[in-house]
Every structure is written in C-alpha cells, then in structure tokens.
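Reader: Hey, I'm new to this one. Could you walk me through it?
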Amino acid sequence: MRPEPSAAFTVSITAASPRVIYLQVGVGSFNGLYNSGGTPANNATINVVSVTVPAAQVGNGTVQTMTTNSTASRSFYDNFAFCNAPAQLYVGGFYRSTANTGAATLTASSPANLANANGDSIPFSQISWTSSGNSDSGAQPFPAGTFNGATQTIGTISRNQWAESCHTFRYANSNFVASGTYTGRVVYTLSTP
Amino acid sequence: MRALATATLAALVAAVLLAAPSAVAATHRVDDSGTLPNESTALLRWRQTAPSRTRDDMLEGATAVAVRLNLAPWVERDASLFLVFPQQDSAATRVRWTTQGRLLPGEIAPGDRVLVYRGRITSPVLEETLTLRIEADGNRLSRVQHLNFHFEIDTD
C-alpha cells in the first residue's frame with residue numbers, strides 16, 4: 001500500500017462585525033433600501049414631547065395627552081406606517097450578533113425633575129406612556145411605563161431581531177405648579193451583552 | 001547466494017510497485033501541502049446588515065486560495081480530481097468558487113465531493129487560484145472557525 005498524503009488546506013473564517021446595533025427614538029436615518037441590505041445612519045435629531053396645560057386645569061389631575069415634533073411614522077424595517085406621528089414617538093431598532101449571549105437592553109435615563117427657568121420643578125414620574133403599533137397585536141417589545149427619574153429598562157431586543165413600538169406620552173398633571181416652561185431630557189441607550 | 005538474490009529482486013520489485021500508483025481504478029488523497037490561503041482569516045460580513053422579514057442571518061465573504069497540487073504519481077494518466085469538504089462542526093453552509101481556468105468552478109457544501117478536473121494529467125504540479133465565496137450561518141459564527149478542505153483523485 002502506498003501511504004496517502006495527509007495534506008489538507010484550511011480556510012479560517014470569522015465575522016467582520018460580530019455585533020451591530022441600531023436604535024431610533026423619534027426620527028432616524030437609513031441608507032439604501034430598508035428591507036434589502038439597507039444600513040442605518042446617524043441622525044442627531046432630539047425630538048421634543050410636550051403639552052401645554054390650560055391655566056384652569058393646572059394640577060387638577062386631568063391627564064394631559066402629550067404630542068411630539070417627530071415626523072417618523074414609517075418603520076425602516078418594512079416602510080409600514082407603524083406609528084402615528086406626531087401623536088406617537090417611534091422607538092425601535094435592531095440587534096445583530098453572532099453570539100448567543102442574550103438580548104440587547106434598551107434603557108432610558110431621566111432626571112428626577114423637569115425644571116423651569118425659575119428653578120421650579122415637576123417630578124419626571126408625572127410622565128408616562130402607553131405603547132402600541134398599527135396592525136400590531138400581542139405584547140409590545142417596549143411596553144407602557146412611567147419615568148422614574150433614574151435609569152430604567154424600557155425593553156429588550158432579541159438577537160438578530162428588529163423590535164419597535166410607538167409611545168404615546170401623557171402628563172399626570174397632579175401637581176399644582178408655577179407657570180412656566182418645564183423641560184428635562186431623557187436619554188435612551190441600547191446596550192448589547 | 002541464489003536465495004539471497006531472489007529475495008533482493010523481490011524487494012526491488014516491491015519497491016517499484018510501491019512508487020507507482022495502481023493501474024486499476026482507485027481513489028487517492030492528493031498532496032496539496034503547497035496550497036495556501038491568501039489571508040490568514042477571511043472576514044465575513046452580514047449579508048443584510050439589518051434583520052429582515054426573510055430572517056436572513058447569513059454572513060458572507062470572499063478569499064483566495066493559491067492551490068498547488070502534487071500530481072506527479074499520476075502523470076500521463078486519465079483521472080478525475082475532486083474538491084472535498086468533509087462534514088465538520090462549522091457555521092459554513094456553502095462555498096462557491098471561481099478559477100483561472102485550470103480547474104472547474106463550482107460550489108460545495110459540507111459533506112460534498114465536487115469534480116474540479118477530468119482528463120489526462122499532463123504535469124506533475126498543478127497550480128491554480130481559487131476565489132472562494134463563503135456563506136455561513138451568522139447565528140453560529142461567534143469565534144474563528146477553520147474550514148478543512150482536501151483534494152482527491154480518481155484514476156480511470
């Protein structure tokens with residue numbers, strides 16, 4: 001018997017970008033076609049959610065529905081009109097990963113209070129939201145909640161999934177406060193394991 | 001002395017038979033020890049950056065391999081050369097390749113054996129460049145993986 005050579009050649013492979021995440025709160029940007037190889041782009045816009053409480057209703061507990069200055073109704077996932085801007089704020093994104101190490105987590109960090117120029121304040125916990133999506137049924141990935149004036153979990157995105165919800169904000173209006181414009185910024189962060 | 005000479009002759013005949021491939025049809029592993037990938041590691045990218053309704057979680061990328069096959073034992077023989085991609089624990093699901101013309105292009109999946117040449121072996125060394133396009137399951141490529149290939153020859 002003639003001995004067989006044991007040679008073989010090896011090609012090593014690895015993922016160039018093992019993890020990719022995209023988060024869009026309000027308006028966002030995408031390059032190319034959303035459902036055929038499109039890629040996310042940066043968008044520095046910070047949308048505003050606001051309400052003007054009539055003087056006669058300040059602090060009377062009548063919930064005030066808030067509105068946004070967002071124009072993002074269509075999802076970059078499939079171009080479907082998923083949200084109803086400006087009444088709703090689009091919250092969505094995706095998480096790509098080659099490793100089965102769990103889901104990405106979306107958190108929101110809010111300050112303890114909204115404040116006006118005179119230093120008066122309204123607890124951020126006066127603002128809450130409901131969650132829905134056009135033609136959507138079942139649980140939302142980013143469900144209803146109330147800001148807690150700290151960092152809180154908004155929801156998760158499973159590996160290699162796109163998740164999206166539309167948030168409708170409301171102001172509880174249960175505090176009698178001085179007149180003025182009260183502002184505060186919420187920062188949303190998507191973190192991968 | 002006669003007995004010793006006979007034994008020596010028998011040993012020589014045996015040595016000659018060992019040095020040449022069998023005249024009957026057979027499959028042999030080809031010495032491809034001179035074959036080298038152009039890159040140490042091929043980088044695969046998401047075919048679709050964003051997850052989509054089609055659930056396309058595939059990665060893909062390309063790399064070249066400089067193939068050098070030692071065909072000396074089969075010169076002037078009619079033969080068929082095959083690329084073999086044994087079953088292995090890897091994320092790769094399919095590899096397609098193009099060539100410069102000395103070998104056939106094609107595609108291969110784990111467990112397959114694909115014809116790359118049929119005809120007379122005219123040279124002791126065959127050199128070719130394969131450009132591989134590799135597809136892999138993005139759910140299973142969390143670390144560097146090594147794909148093992150080899151060549152086999154069937155003599156007619």
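Predicted model: local features only at pLDDT ≥ 70, side-chain atom pairs only at ≥ 80, totals over all residues.

Reader: Okay, how many residues of chain B are in contact with chain A?
Author: On the chain B side there are 41, and they are in contact with 30 residues of chain A.

Reader: Which elements of chain B give two or more residues to that side?
Author: They are β1 (26-29), β3 (42-46), β4 (58-70), β9 (125-137) and β10 (145-155) of chain B. The largest share comes from β10(B), with six residues.

Reader: And what's that side like by class?
Author: The side of chain B that touches chain A has 19 nonpolar, 16 polar and six charged residues.

Reader: Back to β10(B), which strand of chain A does it pair with?
Author: That's β1 of chain A, residues 9-15, and the two pair in the antiparallel sense over five bridges. For instance, A:Val11 has B:Leu147 in β10(B) as its bridge partner.

Reader: New topic: where is A:Thr183?
Author: A:Thr183 is in the loop between β15 (161-171) and β16 (187-191) of chain A.

Reader: Why does A:Thr183 count as partly exposed?
Author: Because it has 13 other C-beta atoms within 10 Å, and a residue is exposed at 12 or fewer but buried at 20 or more.

Reader: What does A:Thr183 touch?
Author: Leaving aside residues up to four places away in sequence, A:Thr183 touches A:Leu114 and A:Ala115.

Reader: And how far is A:Thr183 from A:Val49?
Author: They are 134 residues apart in sequence, yet 9.8 Å apart in space, C-alpha to C-alpha.

Definitions and conventions:
Residues numbered from 1 in each chain as written. Chains lettered and ligands numbered in written order. Contact = placed C-beta atoms within 7 Å. Helix = DSSP H or I, 4+ residues; strand = E, 2+ residues; numbered from the N terminus. Nonpolar A, V, L, I, M, F, W, Y, C, P; charged D, E, K, R; others polar. Pairing = 2+ DSSP bridges.
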